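Here is my note on the model, arranged as numbered points. Please read it with the structure open beside the text.

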Amino acid sequence: TQWAYWDGIRNFEEKFRPYLQTQIGNPDGPDKPNKKFYDPRECIRAAEVSTIDRLDSCFKDLKCQNVLGLPPVSEPSNTLGPRRGGLPV
């Protein structure tokens, strides 16, 4: 899981490298700020998602899913959708 966490941060840095070079100025324009890319919560969230994916594959390999008799987890229906101002996909 340590590798999966680090791999999420590495992928984030690789994906947004041009935005992380300076605080102002990026491929979108010379006066565009990079504040949302510098926010440490974004790369930590990428690391957490990577770890979740790795753990999910581990549980599948070990046949440890749905062993407690609980139903499979469904998508939540009470959410408002993607948050405003998030990183581009």
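Predicted model: local features only at pLDDT ≥ 70, side-chain atom pairs only at ≥ 80, totals over all residues.

**Note on the model**

1. Asp39 is a buried residue, with a relative accessible area of 18%, where buried means under 20% relative accessible area, exposed over 50%, and partly exposed in between (1.4 Å probe, protein chains only). Asp39 is found in the loop between α2 (35-38) and α3 (40-61), the helices (H or I, at least four residues) and strands (E, at least two) being DSSP runs numbered from the N terminus.

2. Residues are numbered from 1 along each chain as its sequence is written, and side-chain values use heavy atoms, with hydrogens and water left out.

3. Which residue meets Asp39 in a salt bridge? The partner is Arg41, at 2.8 Å from N to O, a salt bridge being a side-chain nitrogen of Lys or Arg within 4 Å of a carboxyl oxygen of Asp or Glu. The two side chains also make a polar contact at 2.8 Å; such a contact is a pair of N or O atoms within 3.5 Å, and within protein one must be able to donate a hydrogen and the other to accept it, with residues adjacent in sequence counting only if both atoms are side-chain atoms. Whereas Asp39 is buried, Arg41 is exposed, with a relative accessible area of 63%.

4. The chain contains three helices and two strands, and from the N terminus on these elements run α-β-β-α-α. Of its 89 residues, 20% count as buried. Among contacts with a separation of 6 or more, 50% come from residues 24 or more positions apart, a contact meaning heavy atoms within 4.5 Å.

5. By the rule given above, the count of salt bridges is six, and one network of them links Asp7, Arg10 and Glu14. Asp7 has its place in helix α1 and is buried at 18% relative accessible area, and its side chain makes a polar contact of 2.5 Å with that of Arg10. Arg10 in turn meets Glu14 in a salt bridge (3.5 Å, N to O); because they are four residues apart in helix α1, Arg10 and Glu14 are separated by about one helical turn. Both of these count as partly exposed, Arg10 at 32% relative accessibility and Glu14 at 49%.

6. In helix α3, Arg45 and Glu48 lie three residues apart, about one turn of the helix, and they form a salt bridge whose closest N and O atoms are 3.7 Å apart. Arg45 is partly exposed at 44% relative accessible area, and Glu48 is partly exposed at 36%.

7. The accessible surface of the chain comes to about 7,600 Å², of which 57% belongs to carbon and sulfur atoms, with areas from the Shrake-Rupley method and a 1.4 Å probe; for residues, only the protein chains shown count as cover. Tyr5, Ile9 and Ile44 make a nonpolar surface patch of about 220 Å². Patches are made of residues with over 30% relative accessible area and no salt bridge, with like charges joined within 9 Å and nonpolar side chains (Val, Leu, Ile, Met, Phe, Trp, Tyr) within 5 Å. Ile9 is found in helix α1 (residues 2-15) and is partly exposed at 31% relative accessibility.
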